[in-house]
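Hi there,

Here is the structure I promised to pass on. Have a look at it first, and then read on for my notes.

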Amino acid sequence: MANSLRGEVMNLYKNLLYLGKDYPKGEDYFKRRLKSVFLKNKDVKDPEKIKELIGRGEFVMKELEALYFLRKYRAMKQRYYSDVNK
């Protein structure tokens, strides 16, 4: 049980690191914040609390993905459609 949770936490950390490459405030800023959050929760031993934290991390991943998709959509819209207010 503990090893599977450990694997989930490691995968979450790796996925968040990968998503942080395109973070608007910069990759270094994102890495520092991510590391501090994971280190803050390193002493949590309760499996239910760990699952709750993993769920919160997965929510953050989804929010980051939505942020990136929205940014790409806006860039494409700006490229292909003329501004009506001009």
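Below is what I found, going from the overall fold to single residues.

First, the ground rules: this is a predicted model, so local features need pLDDT of at least 70 and side-chain atom pairs count only at pLDDT 80 or more, while totals for chains, interfaces and linings use all residues. Residues are numbered from 1 along each chain as its sequence is written, and side-chain values use heavy atoms, with hydrogens and water left out.

**Overall fold**

The chain has 3 helices and 0 strands, in the order α-α-α from the N terminus. Helices here are DSSP runs of H or I with at least four residues, strands are runs of E with at least two, and both are numbered from the N terminus. The C-alpha trace spans about 60 × 25 × 15 Å along its principal axes. Its radius of gyration is 17 Å, whereas a compact globule of 86 residues would come near 12 Å; the radius is taken over C-alpha atoms, and the globule rule is 2.2 Å times the number of residues to the power 0.38.

Buried residues account for 16% of the 86 in the chain, where buried means under 20% relative accessible area, exposed means over 50%, and partly exposed lies in between (1.4 Å probe, protein chains only). The accessible surface comes to about 7500 Å², and carbon and sulfur atoms hold 54% of it; areas come from the Shrake-Rupley method with a 1.4 Å probe, and for residues only the protein chains shown count as cover. Of the contacts with a separation of 6 or more, 69% are between residues 24 or more positions apart, a contact being heavy atoms within 4.5 Å.

UniProt, in an unreviewed entry, places the feature "domain: Complex 1 LYR protein" at residues 8–61. Its positions are given in the numbering used here, feature names are shortened, and annotations may be inferred rather than shown by experiment. Over that stretch the chain is 76% helix and 0% strand, with the end C-alpha atoms 14 Å apart.

**The core and H3**

The largest nonpolar core has 8 residues: Leu 12, Leu 16, Leu 19, Phe 30, Leu 34, Met 61, Leu 64 and Tyr 68. H1 (2–19), H2 (27–40) and H3 (47–80) each supply at least two residues of this core. By nonpolar core I mean a set of buried Ala, Val, Leu, Ile, Met, Phe, Trp, Tyr and Cys residues joined through side-chain atoms within 4.5 Å. Leaving aside residues up to four places away in sequence, Leu 64 touches Leu 16, Leu 19, Tyr 23 and Phe 30.

**The loops**

Lys 21, in the loop between H1 and H2, is partly exposed at 47% relative accessible area. Asp 22 is in the loop between H1 and H2 as well, partly exposed at 44%. Not counting residues up to four places away in sequence, Asp 22 touches Tyr 68 and Arg 71; Tyr 68 is one of the core residues listed above. Gly 26 also lies in the loop between H1 and H2 and is partly exposed at 24%.

In the loop between H2 and H3 sits Asn 41, which counts as partly exposed at 25% relative accessibility. Asn 41 and Glu 63, 22 residues apart along the chain, have their C-alpha atoms separated by 21 Å.

Best wishes
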